[in-house]
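Work through the following exercises with the sequence and the model open. Try each task before reading its solution.

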Amino acid sequence: MSVYETDELLGQYLAFHYGDSHFGVGNYPARCATACLEVMAGRDKHRALDLGCAVGRTSFELARIFDEVVALDLSQRFIDAANTLKTQGQMDYFLRAQGDLGETAVASLEGHNLAKHAHRATFEVADACNLGPAYHGFDLVFAGNLIDRLQDPGAFLSGVHQLLNDRGVLVISSPYTLLEDFTPRTKWIGGFQRNGQPFTVLDGMKEILAPHFELMRDPVDVPFVIRETARKYQHTIAELTAWQRK
């Protein structure tokens, strides 16, 4: 069973999306949505696609502004949770303290002023690397913490322009955590030496996206914290890039 189908990860991600912030680091899914809206200023905001949506916070944030948000994730548990939040407005989850100890917490849309436009978001299980022809015509594609969890990120990036309208925007946020558990080393698009020089994931993205995209602004760092237990937290720094389809 995938780790993303477990009670443990479901609880961690519901807390990550809808729970308290930690160590002065703001809510990552909400800040990613804000970054998307910044680069979409003055552009059509009819349809957005959120790839790797997890339990839906960025999707619901985008639904405040976009007429329609299609949100996809490979995890059935995450999509079920997002749909529960959409239809019921809240969901209980277990917030672990240590071992078997913890407490029940509540993820709530109303608590974040997200309930009013939640109906604009549609959540579906789908593989970002194997999307059918139905997925096209988007003004924005957001891929949050996705590319370093794909079997073939290069293939995804080579075809992502087909999802967007002309001059549509692609926003990618990732800590570039290269793990062979998710991506075979032969499919890495960066994170190695090439011709004797460091070749980063950002270098790889620039190379692969160049035929169809131009970088809209300098990359920005977006830190985030995921609570595992009361005394253990993951502190990670993602890099967010925005690309306009030519």
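The exercises below concern a predicted model.

**Exercise 1. Helix H6**

Task: Find which residues of helix H6 are buried, and explain how they are placed around the axis.

Solution:
- Step 1. H6 spans residues 201–209. Its buried residues are Val201, Leu202, Gly204, Met205 and Leu209.
- Step 2. These residues cover an arc of only 155° around the axis, so they sit on the same side of H6.
- Step 3. Recall the helix geometry: an α-helix has 3.6 residues a turn, so residues three or four places apart point the same way.
- Step 4. Now look for the cover. It includes helix H5 (153–159) and strands S7 (164–174), S9 (197–199), S10 (213–215) and S12 (232–245).

**Exercise 2. Strands S11 and S12**

Task: Decide how far strand S11 is enclosed, and describe how S11 pairs with S12.

Solution:
- Step 1. S11 covers residues 220–229. Seven of its 10 residues are buried, so the rest of the structure largely encloses S11.
- Step 2. The pairing of S11 with S12 is antiparallel and runs over nine bridges.
- Step 3. Take Thr229 as one example: its bridge partner in S12 is Lys232.
- Step 4. The link between S11 and S12 is a hairpin, which joins them through two residues.

**Exercise 3. Helices H1 and H4**

Task: Classify the crossing of H1 and H4 by angle and by hand.

Solution:
- Step 1. H1 holds residues 7–18, and H4 holds residues 76–88. Their axes come within 10 Å and cross at roughly 45°.
- Step 2. Angles under 35 degrees count as roughly parallel, and 65 to 115 as roughly perpendicular. H1 and H4 are therefore oblique to each other.
- Step 3. The crossing is right-handed.
- Step 4. On the H1 side, the contact is made by Asp7, Leu9, Leu10, Tyr13, Leu14 and Tyr18. H4 supplies Arg77, Phe78, Ala81 and Leu85.

**Exercise 4. Two residues**

Task: Determine whether Leu9 and Thr58 are buried or exposed, and list their contacts beyond four places in sequence.

Solution:
- Step 1. Leu9 lies in H1. The cut-off for buried is under 20% relative accessible area. Leu9 has 13% relative accessibility, so it counts as buried.
- Step 2. Beyond its neighbours within four places in sequence, Leu9 contacts Val3, Tyr4 and Phe78.
- Step 3. Check a pair that is apart in sequence: Leu9 and Ala54 are separated by 45 residues, with C-alpha atoms 10 Å apart.
- Step 4. Thr58 belongs to helix H3 (residues 57–62). With a relative accessible area of 6%, Thr58 is buried.
- Step 5. Leaving aside neighbours within four places, Thr58 touches Pro29, Cys32, Ala33, Asp50 and Phe142.

Notes:
Residues numbered from 1 in each chain as written. Predicted model: local features only at pLDDT ≥ 70, side-chain atom pairs only at ≥ 80, totals over all residues. Heavy atoms only, no water. Buried < 20%, exposed > 50% of the residue type's maximum accessible area, 1.4 Å probe, protein only. Helix = DSSP H or I, 4+ residues; strand = E, 2+ residues; numbered from the N terminus. Arc of directions from axis to C-beta. Contact = heavy atoms within 4.5 Å. Pairing = 2+ DSSP bridges. Axes fitted to C-alpha atoms, helices over the stretch in contact; angles between N-to-C directions. Parallel < 35°, antiparallel > 145°, perpendicular 65-115°, else oblique. Left-handed = near helix turned anticlockwise from the far one by under 90°.
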